[in-house]
Amino acid sequence: MTTEMICAGFGGQGVLTIGKFIAQASMKEGKNVSWLPSYGPEMRGGTANVSTVVSDEAIASPIVSFPDILVALNQPSIDKFAPMIRPGGILIYNTSMCPNGCKREDITQISAPMSDIANEIGNPMVLNMLAIGVIIGKTALIKYETIADDLTSYMKAKNPELLELNLKAIKRGIEIGKS
Amino acid sequence: MEIIATRPESLTQTPFTYCPGCLHGVAHRLIAEAIDEHGLINKMAGVAPVGCSVFAYKFFNMDMAEAAHGRAPAVATGIKRARPDMHVFTYQGDGDLAAIGTAEIVHAANRGEHISVFFVNNAIYGMTGGQMAPTTLPDMKTTTSPYGRNTDDIGFPIRVCELLATLIAPYYIERVSLLSPADILKAKKAVNKAIQYNKEGRGFTFVEFISTCPTNWGMDPIKSRDWAKENMLPFFKTGCYRDKGKGVE
Amino acid sequence: MAKILMKGNEAVAEAAIRSGCRLYFAYPITPQSELIEYMARMMPKVDGTFIQAESEIAAINMVYGAAGCGKRVMTSSSSPGISLKMEGISYIAGAELPCVIINVQRGGPGLGDIQPAQGDYFQATKGGGHGDYRLIVLAPSSVQEFADMAADAFDLADKYRNPVMILADGMLGQMMEPVEFRPAKSDEEVAEMWKQHKSWCINPNEDGDKKHHHEINSLEIDPLVLEKHVNNLSKKYAEIKKNEIRYEKYELSDDNEILCVAWGTASRVVKSAINELKKEGKSIGLVRPINVWPFPYDEIAKAIGPKVKKIYVFELNTGQMVDDVKIAAAGKVPVEFWGKVGGVVFTPAEIKEKLEAALKE
């Protein structure tokens, strides 16, 4: 099975990291993965996006034309990528920054005021972890334990407080994804 | 019989290919003698330029690299970084160093690269047939400044020692002349100092030689030296521009 | 060793260090900046040399100097910067020095853009610099292969005393994939490697007796001497052509209706399309040249199955390698080309559409 995902948002919202953690965790779970970011001026304050492919087979193309999952943290990302979601695919979006939402009815939509929830958890930086949680809750693409171990291994010594907030955000995301 | 003068060991037996009256041979000899005197022949590598002294790689009796036009300081950087146990010098003319290779010399000097650069300034492109150099004097006629160097149009000659002396890193910068036996003795001291500092790993060392080009200037060797004394030396003043070993900053 | 998720730019830099590269000279340019930044971080940790040169021209000439000492040395850039290096590459080829050059291609001509492209195929495989010389050119299609090629490139460079280029692109440079590194050479091994070149390279006389005068040089002013030198280079290139053909066969069979040829990043997209069409019962094969110089002419000719009615070449340019494929096909079957340019990468869906149309013809 192959899952193709695009994560998009403003530069600074941590969308590249969403893809990276999903790819890293999938790799640790024995899958083939690729992670392909937009780069250059797009990274400097504009919109950023990243294509992540997770597969049981060798990945032929890392370019995602028709994502199974789109994570959109702002409205321009929905406008640009939502039309490309495969019928039956999943759109996860952040209502705090997507006032117009998405009109498609042939896909599953999950939305939450993610920026607000991140602030509520205690740090706007955990927005991307919240999104990862929603992906896990909705698709079981990766296991919570894999990413929790991953985060713990390099954050525990450096920044235990942020680690706790991150784990809390992922758990909260999983609840949103399941509901 | 007592031998009082002989060919320096640091020169090969290959005969020079320079024009009659050319001073490249003198500059080569000064460098070779200094390498001999400091006992560096087995640890020295040199980089030859493009220009009249393009065959310098055949004349110096050590491992030599022939660089692309102007790139000798970059090539020397590569050699020195690859073989920090060796000592490296470049030998360059005015077109090579002060026109096409301006970036390379300025940045090698600015890095304080541990190399010695020997720069022969005769105000003209010799090898290609007497074209204007970055150091050609105002109003001086060459094949590409047939009405004289027009400074309104093409600017003034570049004084390389003064230019490099604006940088902080270089350890030693001196301009000497090869125009008289007395000047050559002074030049020998400067070359010796550069090689000595190189041996001691002090940093970037640079010696400029004011020289002549009888062939392309269209003068006999004696007259060309007189012409250079009258015209070049007032513009390119000899002297020490930097010597950190002597507190000259 | 466990797999690590890494960008191509960083993976190839790490692999180069592991293969014994201790000298690296380069100038920043997108999309290869992670490579120079990785070297800036890591070289001091292995007592290596990193210099951010004043220009790509200076960088390649520093490579010339270090390669003249027989040491493993590398530079990297992206298309416009590679053009600047061409002077030095010609000199390095002429002087027969071993070194590795990485081109993380972007869109051109001129300043172009910074997105992935394959517009430098001609420059890499047909010349680029002046004179009769050849680069060995390796074209990776994954981060793993990009990394593996660093070691291969150094071995080839040492074996043939010839510059070797790894012709990647912005996608491979920027993309992260799992990579497993080959074991690193020990410091002792690295310290000894230059000695294979001792007979010709710049090196000191060990016991103080004058023994050698080595010339690192591409100048031969006597036409008869230069003629001999160039003919010797040509003989070397013939030897490389004989020994170093590398290509991948993908879904080749006697049932193939179309044979695709694609290299690097483009080949991955073509594979996706071939897989999709296979599910619909269509048989399409692919030959991917792994080394684009020397080029697998005979191997492509052999891959033309009995039912193949067309060879389809896909590149991220306006048609460069297709010329070589036409030579390989030698008129046996028609050769068609489709490509995208400007840093726009075609999608599997687009390739599939092209192939479907060709199947219907």
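## Strand β7 of chain B, its sheet and the chain contacts

In chain B, strand β9 (residues 239-243) pairs with β7(B) in the antiparallel sense over four bridges, where two strands are said to pair if DSSP finds at least two bridges between them. Helices (H or I, at least four residues) and strands (E, at least two) are DSSP runs, numbered from the N terminus. This is a predicted model, in which local features need pLDDT of at least 70 and side-chain atom pairs count only at pLDDT 80 or more, while totals for chains, interfaces and linings use all residues. Residues are numbered from 1 along each chain as its sequence is written, and chains are lettered from A and ligands numbered from 1 in the order in which they are written.

### The strand and its neighbours

Within the pairing with β9(B), E174(B) has C240(B) as its bridge partner. β7(B) is also joined to strand β8 (residues 205-210) of chain B by six bridges, and these two strands run parallel; here R175(B) stands opposite E208(B), and S177(B) stands opposite I210(B). Together with helix α8 (residues 181-199) of chain B, β7(B) and β8(B) make a right-handed β-α-β unit, a crossover being right-handed if, with the strands pointing away from the viewer, the path from the first strand over the helix to the second runs clockwise.

Six of the six residues of β7(B) (residues 172-177) are buried, so the strand is largely enclosed by the rest of the structure. A residue counts as buried if 20 or more other C-beta atoms lie within 10 Å of its own, as exposed if 12 or fewer do, and as partly exposed in between, with C-beta atoms placed from the backbone. In a regular strand the side chains alternate between the two faces of the sheet. Both faces of β7(B) are covered, with Y172(B), E174(B) and V176(B) buried on one side and I173(B), R175(B) and S177(B) buried on the other.

The strands form an open sheet of eight with mixed pairing, in the order β9(B)-β7(B)-β8(B)-β4(B)-β3(B)-β1(B)-β2(B)-β9(C). β9(B) and β9(C) (215-216) stand at the edges, each with a single partner strand, so one side of each is left without a neighbour in the sheet. The link between the chains is made by β2(B) and β9(C), which pair in the parallel sense over two bridges, with A65(B) opposite I216(C).

Two residues are in contact if their C-beta atoms, placed from the backbone, lie within 7 Å. Ala, Val, Leu, Ile, Met, Phe, Trp, Tyr, Cys and Pro count as nonpolar, Asp, Glu, Lys and Arg as charged, and the others, Gly among them, as polar.

| Contact | Residues on each side |
|---|---|
| Chain A with chain C | 16 residues from chain A, 20 residues from chain C |
| Chain B with chain C | 30 residues of chain B, 34 residues of chain C |

On the side of chain A that touches chain C, the largest share, five residues, comes from β2(A), and the residues divide into 10 nonpolar, five polar and one charged. On the side of chain B that touches chain C, the largest share, eight residues, comes from α3(B), and the division is 16 nonpolar, six polar and eight charged.

### Chain A as a whole

Chain A has six helices and six strands, and 49% of its 179 residues count as buried. Along its principal axes, the C-alpha trace of chain A spans about 40 × 40 × 35 Å.
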